[in-house]
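Q: I have a chain open on my screen and I'd like to learn how to read it. Can you take me through it feature by feature?

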Amino acid sequence: MKNLQPNRLLNGALKTGWSLLSICSLLVANGQSNVSAAWKGAKANAPVSVFTTAENTAYRLSATGTLEWKDPGPLAERNVYVFLDDTHSFQTLVGIGGAITDASAETFAKLPPAKQQEILQAYYDAKKGIGYTLARTNIQSCDFSSGSYSYVAENDKDLKTFSVQHDEQYKIPLIKKAMATAGKLTLFVSPWSPPAWMKSNNDMLHGGKLLPQYNKAWADFYVKFIKAYEKKGIPVWGLTVQNEPMAVQTWESCVFTAPEERDFIKNHLGPTLQKAGLGTKKLIAWDHNRDLMYERAKTILNDPQAAKYVWGIGYHWYETWTGGDMQFNNEKMVQETFPSKNLMFTEGCAESFDASRMENWGLGEKYGLSMIHDFNAGTVGWTDWNILLDEKGGPNHVGNFCFAPVHADTRSGELNYTNAYYYIGHFSKFIRPGAKRINVSSNRSGLLTTAFKNVDGTIAVVVMNGSDKKIDYELHLRDKMASTSSLPHSITTLVF
């Protein structure tokens with residue numbers, strides 16, 4: 001997959017002889033409003049546009065044909081089906097995207113101008129790339145920074161020295177360029193640690209706790225950060241309370257028990273945001289793995305004084321560190337128990353970078369597996385970790401090197417797109433903010449699927465086959481069906 005660039009879908013459609021109607025549906029799915037009238041006048045049985053990424057093929061988000069609707073025959077147990085029901089809808093999508101960290105921004109700055117433009121289009125252009133609309137960034141340093149840093153001087157409890165000047169070199173310019181390319185970027189922000197002097201261990205790294213005497217100063221810190229970024233022209237949509245509040249890491253970390261996070265929200269952070277005129281910012285609790293998310297959510301959301309400030313529960317996918325599987329049922333339990341709150345996937349990546357695994361197909365399949373199950377459990381936004389890392393899986397000041405969907409070789413200036421980039425694109429390019437999830441089911445465990453209806457009326461169905469076998473199936477909607485196949489180790493988006 002080395003040096004592959006994002007597929008130019010319209011050109012592909014023209015070369016394969018698609019009808020004008022098929023191209024119109026393709027353009028609508030990619031946000032081109034000038035064909036909306038053509039779509040509204042289309043027949044109810046408009047062809048289905050098919051896009052495929054598959055192992056051992058050249059398909060990478062490639063336009064691979066159209067399907068025609070037919071009258072279905074009687075159902076048979078031996079046949080494979082994907083059933084759609086757009087008469088029932090569920091959560092509304094906020095967006096899909098990735099984190100713009102110090103590491104991503106520093107790597108981006110080392111690229112030649114042409115490659116910088118390429119990566120911006122690859123991620124944030126809905127027509128030429130995969131159309132990211134969601135972003136996360138770090139408040140102060142995290143592991144994916146070149147070193148630890150703070151925005152305030154030692155022992156400045158009044159925060160008089162507060163400044164985000166550090167971020168003006170790399171991170172702020174990249175966020176602004178991403179915003180300009182995307183048109184609109186929903187940004188939320190997360191702290192990894194308060195300044196060392198606010199903590200019980202006097203260290204930004206290695207866990208420790210926020211000292212009670214600094215509760216107010218730390219709550220004020222979030223306000224200072226949000227207002228500083230917005231003053232520089234970067235709107236902040238939301239924030240998380242603390243990245244991974246139960247993890248004592250070798251990098252920036254800070255521990256909050258469930259009662260401590262609850263009390264910090266209701267007694268300090270929530271009221272401080274309100275008082276500062278930032279009460280509309282979306283406050284996200286937990287921001288850690290699925291394994292303990294229900295217990296954390298229960299403690300916080302069962303307290304009305306804390307719950308009134310909380311927009312939703314954020315979660316990561318690293319519960320697999322125990323050797324087990326992703327625990328999707330826990331997020332579903334949160335959604336069912338607290339239906340007025342939102343689920344947000346706030347971070348995930350393939351850990352332990354190894355350049356020899358750059359073309360490993362499992363990288364993308366992990367994303368497909370998680371995204372399908374997460375959306376079906378009620379998740380409203382999905383945020384990958386670093387959008388870009390270098391040839392070593394960094395920079396990372398504690399050696400915690402990881403994979404990103406795209407890696408830059410800072411020596412040659414070349415970009416390497418892993419298949420994870422394309423797997424994410426099967427969702428982000430065709431399922432747009434404001435889309436509502438609709439019912440879809442498969443009668444075979446070998447086909448995983450989710451589906452959304454966009455604001456413009458287009459339906460996007462994602463079907464993933466993680467098996468070694470080609471699977472023939474029928475797509476059913478109301479009284480029509482379309483026959484197709486899912487290639488081995490593939491992901492397909494069907495748009496109509």
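Q: What share of the 496 residues in the protein chain is buried?
A: Buried means under 20% relative accessible area, exposed over 50%, and partly exposed in between, with a 1.4 Å probe and protein chains only. Here, buried residues make up 60% of the 496. This is a predicted model, so local features need pLDDT of at least 70 and side-chain atom pairs count only at pLDDT 80 or more, while totals for chains, interfaces and linings use all residues. Residues are numbered from 1 along each chain as its sequence is written, and side-chain values use heavy atoms, with hydrogens and water left out.

Q: What radius of gyration does the protein chain have, and what would a compact globule have?
A: The radius is taken over C-alpha atoms, and the globule rule is 2.2 Å times the number of residues to the power 0.38. For 496 residues that rule gives a value near 23 Å, and the protein chain has 23 Å, which agrees. Along its principal axes, the C-alpha trace spans about 70 × 50 × 45 Å.

Q: How many helices and strands does the protein chain have?
A: Helices (H or I, at least four residues) and strands (E, at least two) are DSSP runs, numbered from the N terminus. This protein chain has 13 helices and 20 strands.

Q: And how do I read contacts along the chain?
A: Contact means heavy atoms within 4.5 Å. Take contacts between residues at least 6 apart in sequence: 74% of them join residues at least 24 apart.

Q: How many residues of helix α13 are buried?
A: Ten of its ten, so to speak: α13 (residues 419–428) is mostly covered. Among the buried residues are Tyr421, Gly425 and Ser428.

Q: Which residues is isoleucine 130 in contact with, leaving aside its neighbours within four places in sequence?
A: The list includes Tyr421, Gly425 and Ser428, along with Leu61 and Arg432. Isoleucine 130 lies in the loop between α5 (113–124) and β5, and it is buried, with a relative accessible area of 1%. Its C-alpha atom is separated by 9.8 Å from that of isoleucine 96, 34 residues apart along the chain.

Q: Is arginine 136 buried or exposed?
A: Arginine 136 is buried, with a relative accessible area of 0%. You'll find it in strand β5 (residues 134–139).

Q: Which side chain does arginine 136 join in a polar contact?
A: A polar contact is a pair of N or O atoms within 3.5 Å; within protein, one must be able to donate a hydrogen and the other to accept it, and residues adjacent in sequence count only if both atoms are side-chain atoms. The partner is the side chain of serine 190, at 3.0 Å. A polar atom of the arginine 136 side chain also lies 3.4 Å from the backbone oxygen of threonine 346.
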